[in-house]
Amino acid sequence: MTKTKQLLSMFILSLVLLMVGCSNNTESSSNNGEEKDGPTTVTFWHSMGGAAQEALNAIVDEYNGSQDKVKINAEYQGTYDEALTKFHTVAGTESAPTMMQVFEIGTKSMINSGFVEPIQTLVDEDGYDMSGLEENITNYYKIDDTFYSMPFNSSTPVMYYNKDAFKAAGLDPEKAPATFEEVEEAGKAIVKANPEMKGFALQAYGWLYEQLLANQGALLMNNDNGRTETPTEIGFTEEQGKSVFNWVKKMIDDKTFANYGTNGDNMVAGFLAGDVAMFMQSSASARDVIDNAPFEVGVAFIPHPEAVERQGVVIGGASLWMMKDKSDEEKKAAWEFMKYLQTKEVQAKWHVGTGYFAINPDAYNEQVVKDAYEQMPQLKVTVEQLQSTKSSYATQGALMDMIPEGRRISETALETVYNGGDVEETYSTMVKQLNEAIEKANRARK
């Protein structure tokens with residue numbers, strides 16, 4: 001009898017252990033299912049600060065709340081330069097993001113890194129139609145018929161002017177100067193009417209110098225701005241390259257030029273304070289400038305030498321890149337978010353909230369945009385300048401990994417002229433340094 005009880009007890013114990021094991025397996029399966037069915041996390045590095053960061057966070061929150069398959073973690077990484085440096089430090093490791101915002105002149109650096117997944121792969125797999133996006137924006141990012149990144153925040157420079165100062169000087173406030181020469185003459189009239197105010201300011205910023213070249217149809221670099229072959233030297237002529245320096249020198253001599261050096265914030269502050277009547281800056285600054293000015297602000301196309309026809313502007317800003325070493329699940333999740341960002345509804349809010357262009361031109365027909373244009377018609381001028389740009393290698397913009405260094409070289413040259421340096425000598429030095437930087441970059445890749 002005792003032996004029978006022992007056998008029965010052992011049987012019951014075995015049965016209990018079996019049931020516990022089954023329960024654990026069921027729970028484990030359930031947990032695995034929850035993990036699989038949970039949202040895919042996408043780490044998104046960006047460089048948007050201030051109002052643009054607020055607008056971006058709102059879009060991310062709205063997307064995360066609209067579905068439960070993908071969770072976007074938007075993480076600010078500092079300036080474009082800082083973010084790109086950080087990426088190259090962690091590229092190919094688990095610390096790298098799923099997707100990242102990179103400024104336009106970082107394009108070749110990202111491609112050459114070897115760690116990016118061209119979005120063309122997902123465009124082809126998904127049958128996504130990129131032709132519906134703004135052509136003068138996508139032209140920059142399409143390289144050898146391949147899209148490596150998705151255009152996102154895009155802007156161009158425009159000229160801002162003080163309409164009240166124009167009226168006081170006897171100038172037509174509805175007719176902004178269109179050429180270098182007209183800017184010079186308007187500056188003289190403004191200073192004559194108000195000796196405490198300067199006529200024009202140009203930040204010593206390489207991007208603005210490039211734009212003033214492109215508006216003349218000048219190439220920044222040879223080999224079609226690096227779009228048919230890697231550049232080997234600069235692409236602009238001496239006349240084109242010197243034109244900006246000579247223009248500024250004339251205004252300095254006329255005492256109509258306001259020198260703010262490389263400090264764009266001080267330049268904008270000077271404009272708002274009534275110290276200068278005209279300046280060039282990003283179209284993305286439009287809402288901030290107009291909202292804060294104690295006078296009526298005009299927005300106009302950037303000027304060009306009267307001897308040449310206006311060609312237009314090169315797109316600036318940034319695009320979104322995908323990392324190739326992430327799982328297919330992560331990449332597809334990031335792709336869904338990229339597509340969401342291009343919808344007309346999202347782009348309309350982005351355009352109105354930040355001043356950046358709508359990548360999807362259908363956004364301009366949204367009521368929120370129409371209402372904004374009624375209240376602030378200057379915003380429409382920025383779009384008109386972009387859409388009237390003539391497509392060419394000059395206005396597509398240059399592709400080269402040393403452009404950030406090139407900008408620093410041209411900025412030094414501009415500052416030298418601003419501070420009384422000789423135009424001939426300054427120009428020669430700049431060209432020599434630019435060509436040396438191009439040669440050095442090419443050697444580094446061999």
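**Stop 1: the whole chain**

Start with everything selected. Remember that this is a predicted model. Colour by secondary structure: the protein chain has 20 helices and 13 strands. The trace spans about 120 × 55 × 35 Å.

The protein chain exposes about 20,300 Å². Carbon and sulfur atoms supply 48% of that area.

Next, think about contacts along the sequence. Take contacts between residues at least 6 apart in sequence: 76% of them join residues at least 24 apart.

**Stop 2: the largest pocket**

Select Tyr80, Tyr205, Gln281, Ser282 and Tyr356. Among the 38 residues lining the largest pocket, these are the closest to its centre. The volume of this pocket is about 1,300 Å³.

H19 gives the largest share of the lining, four residues. Then colour the lining by class. The largest pocket is lined by 13 nonpolar, 16 polar and nine charged residues.

**Stop 3: the second largest pocket**

Move to the second largest pocket, which holds about 230 Å³ of space. Which residues are the closest to its centre? Select Phe180, Glu181, Glu239, Ser243 and Pro305, out of 13 lining residues.

Show helix H8 (180-193) and helix H11 (238-253) as cartoon. These are the elements that give two or more residues to the lining of the second largest pocket. H11 has the largest share, with six residues. By class, this lining has five nonpolar, four polar and four charged residues.

**Stop 4: helix H9**

Select residues 206-214, helix H9. Is H9 enclosed or open to the outside? Nine of its nine residues are buried, so the helix is largely enclosed by the rest of the structure. Step through them in order: Gly206, Trp207, Leu208, Tyr209, Glu210, Gln211, Leu212, Leu213 and Ala214. Note that the buried residues of H9 include Glu210.

**Stop 5: aromatic pairs**

Show the rings of the aromatic residues. A search of the whole structure finds 21 aromatic pairs. Two of them are worth a stop.

Select Tyr63 and Tyr340. Their ring centres are 4.7 Å apart and their planes stand at 50 degrees, so the pair is tilted. Tyr63 sits in helix H2 (residues 50-66) and Tyr340 in helix H14 (residues 328-341), so the pair ties together parts that are 277 residues apart in sequence. Tyr63 counts as buried, at 7% relative accessibility. Tyr340 is buried too, with a relative accessible area of 18%. The cut-off for buried is under 20%.

Now select Phe152 and Trp350. The ring centres lie 4.8 Å apart and the planes are at 25 degrees, so this pair is stacked. Phe152 belongs to strand E7 (residues 150-155) and Trp350 to helix H15 (residues 344-354), so the pair ties together parts that are 198 residues apart in sequence. Phe152 is buried at 1% relative accessibility. Trp350 is buried at 0%.

Together, Phe44, Tyr63, Phe337 and Tyr340 form one aromatic cluster.

**Stop 6**

Finish at helix H10, residues 222-226. Select Asn223, which lies in this helix. Asn223 is partly exposed, with a relative accessible area of 23%.

Then select Asn225, also in helix H10. Phi of Asn225 is near 60 degrees, a positive value in a residue other than glycine. Is Asn225 buried or exposed? Asn225 counts as buried, at 1% relative accessibility. Keep both asparagines on screen: Asn223 is partly exposed, whereas Asn225 is buried.

Note on methods: Residues are numbered from 1 along each chain as its sequence is written. This is a predicted model: local features need pLDDT of at least 70, side-chain atom pairs count only at pLDDT 80 or more; totals for chains, interfaces and linings use all residues. Side-chain values use heavy atoms; hydrogens and water are left out. On a 1 Å grid over the protein atoms alone, a cavity is a set of points where a 1.4 Å probe fits but cannot get out, and a pocket is an open set with protein on both sides within 12 Å along at least five of seven lines; lining residues have an atom within 4 Å of a point. Grid points are joined across faces, edges and corners, and a volume is the space filled by probe spheres set on the points. Ala, Val, Leu, Ile, Met, Phe, Trp, Tyr, Cys and Pro count as nonpolar, Asp, Glu, Lys and Arg as charged, and the others, Gly among them, as polar. Buried means under 20% relative accessible area, exposed over 50%, partly exposed in between (1.4 Å probe, protein chains only). Contact means heavy atoms within 4.5 Å. Accessible areas come from the Shrake-Rupley method with a 1.4 Å probe; for residues, only the protein chains shown count as cover. Rings of Phe, Tyr and Trp (its six-membered ring) pair if their centres lie within 6.5 Å; planes under 30 degrees apart count as stacked, over 60 as edge-to-face and the rest as tilted.
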